[in-house]
Amino acid sequence: PNPTLHLPLSPHSLCAMGGAAVKGGKPRNVEVVVSEIGGVPGCKAYHSSVVVQGVEYYFCPDGILTSMDLASHEGRTVRRKSFGSTPETVVAMEDRLTPYFLPGSYDLLRKNCNSFSDAALCFLTGKRLDKKYRHMEQLGQRCAPLLTTLSRGEYRPNPLADNFDLEKLCTDLRFGPAWANQGGGQTLDGGKAEAVAPSPASGFGAAASAASRTRGSMPPLARILILPFK
């Protein structure tokens, strides 16, 4: 394919990319690529994407797209960091993350490229994107109305991102929504964890679901989720 072409995720485009999309085989190398897009010293804004076996995956207003030459960074100087390897395939990643990152649901502050990179890393490796790369949008979320005023209306919250919860999504990706919901478990923000059927491709939460079925009518146990942080 043309190396400058931005490709949407699809069975056809994934199969064309070879080993990264084929289940089994050798583990796939995972990298995060970051470039500065603005801000001031001490408070920079960043664009990020995830690279699996040399193929870039990123989120934008058109949904999850791919490129072969870091096209989403538009020629800016980039920083690359290896996150090791993953046994997961990009097909499994697509199945698990696409429902959360649909075309038209992009929001500059609440669901952007860094949100996707964070979730993709969590699914592929169990690790998270460094918080410093999301510092600017986290500040912006605290004063979104002011940002709308200062940008003269150029930024408007996208209602399709209203219910997006990155922390809950990453908790579900790492521990499985079925396990987290036993006994009315809570997410990091204190909200009630909602059970979401895991993708067969991902396998997350499958063991917990089976265990839940064997308990029959036993009363659920109250659990507190203690999550590891770096």
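**Helix packing around α3 in a predicted model**

Trainee: In which hand does α3 pass α6?

Mentor: The crossing of α3 over α6 is right-handed. Please keep in mind that this is a predicted model.

Trainee: Where do the two axes run, and at what angle do they cross?

Mentor: Helix α3 covers residues 113-125 and helix α6 covers residues 166-175. Their axes come within 9 Å and cross at roughly 15°. That angle is under 35 degrees, so α3 counts as roughly parallel to α6.

Trainee: Which residues make the contact?

Mentor: On the α3 side they are Ser115, Asp118, Ala119, Cys122 and Phe123. On the α6 side they are Leu166, Leu169, Cys170, Leu173 and Arg174.

Trainee: How does that contact of α3 with α6 divide by class?

Mentor: It has 7 nonpolar residues, 1 polar residue and 2 charged residues.

Trainee: Why give both an angle and a distance for a pair of helices?

Mentor: Packed helices are described by the angle between their axes together with the distance between those axes.

Trainee: Staying with α3, is the helix mostly covered or mostly open?

Mentor: Mostly covered: 12 of the 13 residues of α3 are buried. The buried set runs through Cys113, Asn114, Ser115, Phe116, Ser117, Asp118, Ala119, Ala120, Leu121, Cys122, Phe123 and Leu124.

Trainee: What span should α3 have, and what does the model give?

Mentor: At 1.5 Å a residue, its 13 residues should span 18 Å. The end C-alpha atoms of α3 are 18 Å apart, so the model agrees with the expectation.

Trainee: Now α2. At what angle does it cross α3?

Mentor: The axes of α2 and α3 cross at roughly 125° and come within 11 Å. That makes α2 oblique to α3. This crossing is right-handed.

Trainee: Which residues meet there?

Mentor: From α2 there are Ala92, Met93, Arg96 and Leu97, and they meet Phe116, Ala119, Ala120, Phe123 and Leu124 of α3. By class, the contact of α2 with α3 has 8 nonpolar residues, no polar residues and 1 charged residue.

Trainee: How many residues of α2 are buried?

Mentor: 6 of its 8 residues are buried, and α2 is thus mostly covered. The buried residues are Val90, Ala92, Met93, Glu94, Arg96 and Leu97.

Trainee: Where does Val90 sit, and is it buried or exposed?

Mentor: Val90 belongs to helix α2, residues 90-97. Its relative accessible area is 1%, so Val90 is buried.

Trainee: How far apart are Val90 and Val55?

Mentor: In sequence they are 35 residues apart, and in space their C-alpha atoms are 9.9 Å apart.

Trainee: Moving along the chain, where is Leu102, and what does it touch?

Mentor: Leu102 lies in the loop between α2 and α3. Leaving aside residues up to four places away in sequence, Leu102 touches Phe59 and Gly63. Leu102 and Gly63 are 39 residues apart in sequence, yet 5.1 Å apart in space, C-alpha to C-alpha.

Trainee: How accessible is Leu102?

Mentor: Leu102 is partly exposed, with a relative accessible area of 41%.

Trainee: A change of topic: what is the phi of Leu70, and what is that of Glu74?

Mentor: Phi of Leu70 is near 55°, and phi of Glu74 is about 50°. Both values are positive, although neither residue is a glycine. Most residues other than glycine have a negative phi.

Trainee: Where are those two residues?

Mentor: Leu70 lies in the loop between β5, residues 63-67, and β6, residues 79-86. Glu74 is also placed in the loop between β5 and β6.

Trainee: Is each of them buried or exposed?

Mentor: Leu70 counts as buried, at 18% relative accessibility, because the cut-off for buried is under 20%. Glu74 is exposed, with a relative accessible area of 65%.

Trainee: What share of the chain is buried, and what share of the contacts join residues at least 24 apart?

Mentor: Buried residues make up 43% of the 230 residues. Among contacts between residues at least 6 apart in sequence, 69% join residues at least 24 apart.

Notes
Residues are numbered from 1 along each chain as its sequence is written. This is a predicted model: local features need pLDDT of at least 70, side-chain atom pairs count only at pLDDT 80 or more; totals for chains, interfaces and linings use all residues. Side-chain values use heavy atoms; hydrogens and water are left out. Axes are lines fitted to C-alpha atoms, for helices over the stretch in contact, and angles run from 0 to 180 degrees between N-to-C directions. Helices (H or I, at least four residues) and strands (E, at least two) are DSSP runs, numbered from the N terminus. Angles under 35 degrees count as roughly parallel, over 145 as roughly antiparallel, 65 to 115 as roughly perpendicular and the rest as oblique. A crossing is left-handed if the near helix is turned anticlockwise from the far one by less than a right angle, and right-handed if clockwise. Contact means heavy atoms within 4.5 Å. Ala, Val, Leu, Ile, Met, Phe, Trp, Tyr, Cys and Pro count as nonpolar, Asp, Glu, Lys and Arg as charged, and the others, Gly among them, as polar. The expected span of a helix is 1.5 Å times one less than its number of residues. Buried means under 20% relative accessible area, exposed over 50%, partly exposed in between (1.4 Å probe, protein chains only).
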